[in-house]
Amino acid sequence: MRETEAEARRPAGSPRLGVGMVGYAFMGAAHSQGWRTAGRVFDLPLQPALAALCGRDATAVRAAADRMGWAGSETDWRALIARDDVDLVDICTPGDSHAEIAVAALEAGKHVLCEKPLANSVEEAEAMVAAASAARSRGLLAMVGFNYRRLPAAAFARQLVAGGRIGDLRHVRVTYLQDWLTDPEAPLTWRLQRDRAGSGALGDLGAHIVDLAQYLSGESVVGVSALTETFVTERPLPAGPAGGLGGTAAPGERGPVTVDDAAVFTARLSSGALASFEATRFAAGRKNALTIELNGSRGSLSFDLERLNELSFHDHTEPAATAGFRRILVTEPDHPYLDAWWPPGHGLGYEHTFVHQARDLVHAVAEGAAPVPTFADGLQVQRVLAAVEESAAKNSVFTPVQVSVPA
Ligand SMILES: NC(=O)c1ccc[n+]([C@@H]2O[C@H](COP(=O)([O-])OP(=O)(O)OC[C@H]3O[C@@H](n4cnc5c(N)ncnc54)[C@H](O)[C@@H]3O)[C@@H](O)[C@H]2O)c1
């Protein structure tokens, strides 16, 4: 789709927010869906225009741009961030390029949305926070893409916790389980290489659940005791370009896996509440199984991504004879994001988190308000991941986490 056609398809009436995106595979497709849809479902103060998509192969990126609705295409992210029709740069590449692209985009005067984990190290994340803070004084915003915050059930759970409905927090129990690496012949993609991904299941899945636990509880992880393991230490190289989650193995050549396959850790939160986390790609039968439960003095909340329109709530102040977990169908117009969608009971899915992410960021840009999660939130998660690795290297010794000052 060329610019005139893209403009023609853009709902009229609001000023334009030009988006340029780097990377067009898994997250690129999900974010494209978000940018395409947000202004057609929500009443937005700015209309996202899909200005240009960046990849490294000219033919492939042009084909992806046409398929996903982007007007222009680029083969160098530096050219993308220099474009006058790009106001916001959306980074959907592996972690090894997040810091370089985000810092350059902010310095070039663009707002930034960066996929999680924010970076591959605490040092990179600190540099990104510094760049975001300097850019903020020039009216630029930076957000990290922890999209699970944008599940209506998660956003509603946060409202219940903030409203005191579970009382003083005692426990947070989180798991994020996948099984796509159980086959030892699955190829060595970028997600299994430390220099590309930073860490393994820890940075990929653990980052999500650390952020979700901190967001829902409104607290920070202040220390961890951890175990990590790499069950399969060598794998076949991928045959040709492979997406981060699979592809075909090449016969013969093998290479070392340089990240964890699984991470299990306990943690203390700032209030003294105790938390447990499990992140693995070796849980046979579990495809994308994220569960979280919070127990407090007045009640409990429980969520399962495989039933993402539902939230379980137990009100412990009710008479014991009739109290119990109740299943709330989070599809009412009073629930977060739901007033713009379908009649009650008609359900949303995974992709809607990216629509909500685009919606929230557009509002933040229009209103000049810092969008959450900020880069400082991303740095805080990065500090937890680093502490987990440090603790695991020392046989689970309890390792404190420096708590970032919110930006
Ligand atoms: N929020 C979520 O739920 C979620 C889910 C999956 C991945 N992620 C994150 O999104 C990011 C991307 O993961 P993915 O699964 O989409 O990976 P992927 O392998 O599917 O896609 C990566 C894309 O980046 C491109 N790319 C890599 N280096 C580039 C460069 N220098 N210039 C231009 N393009 C480049 C690749 O060609 C590809 O299009 C990672 O940070 C990952 O952790 C987030």
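Of the 19 residues in helix α11, 16 are buried, so the rest of the structure largely encloses this helix. "Buried" here takes 20 or more other C-beta atoms within 10 Å of a residue's own, "exposed" takes 12 or fewer, and "partly exposed" is in between, with C-beta atoms placed from the backbone. Keep in mind that this is a predicted model: local features need pLDDT of at least 70, side-chain atom pairs count only at pLDDT 80 or more, and totals for chains, interfaces and linings use all residues. Residues are numbered from 1 along each chain as its sequence is written.

**The two helices to look at**

- Helices (H or I, at least four residues) and strands (E, at least two) are DSSP runs, numbered from the N terminus.
- α11 reaches 27 Å from its first C-alpha to its last, close to the 27 Å expected at 1.5 Å a residue; the expected span is 1.5 Å times one less than the number of residues.
- Just after α11, Asn-395 takes a positive phi of about 55 degrees.
- Helix α6 (residues 122-136) has 15 residues and spans 21 Å, close to the 21 Å expected.
- On α6, the buried residues are Glu-124, Ala-125, Met-128, Val-129, Ala-131, Ala-132 and Ala-135.
- These residues cover an arc of only 165 degrees around the axis, so they sit on the same side of α6; the arc is that of the directions from the helix axis to the C-beta atoms.
- The buried residues of α6 pack against α5 (98-107), β6 (142-145) and α11 (375-393).

- The domain assignment gives domain 1 (3-148) and domain 2 (151-348 + 374-400), with bounds that come from an automatic or database assignment.
- Taken over C-alpha atoms, the centres of domain 1 and domain 2 are 25 Å apart.
- Contacts (C-beta atoms, placed from the backbone, within 7 Å) link 24 residues of domain 1 with 29 residues of domain 2.
- On the side of domain 1 that touches domain 2, α6 gives the most, with 6 residues.

**Nonpolar cores**

- A nonpolar core is a set of buried Ala, Val, Leu, Ile, Met, Phe, Trp, Tyr and Cys residues joined through C-beta atoms within 7 Å.
- The largest one has 114 residues, and those with the most contacts inside it are Val-89, Ala-102, Leu-106, Met-128, Ile-209 and Val-388.
- This core draws at least three residues from each of domain 1 and domain 2.
- Apart from it lies another core, of 5 residues, including Leu-188 and Val-257.
- Leaving aside neighbours within four places in sequence, Leu-106 is in contact with Val-112, Ala-131, Ala-132, Ala-135, Leu-140 and Ala-142.

**Met-143**

- Met-143 is found in strand β6 and is buried, with 25 other C-beta atoms within 10 Å.
- Not counting residues up to four places away in sequence, Met-143 touches Leu-113, Leu-361, Pro-371, Pro-373 and Thr-374.
- Although Met-143 and Leu-361 are 218 residues apart along the chain, their C-alpha atoms are separated by 7.8 Å.

- An open sheet of 9 strands runs in the order β16-β15-β14-β13-β7-β12-β11-β8-β17, with mixed pairing; two strands pair if DSSP finds at least two bridges between them.
- β16 (326-329) and β17 (399-400) stand at the edges with a single partner strand each, so one side of each has no neighbour in the sheet.
- Strands β11 (residues 262-269) and β12 (residues 274-280) run antiparallel and are joined by 7 bridges.
- Glu-318, in the loop between β15 (310-315) and β16, is exposed, with 12 other C-beta atoms within 10 Å.

Key: Two residues are in contact if their C-beta atoms, placed from the backbone, lie within 7 Å.
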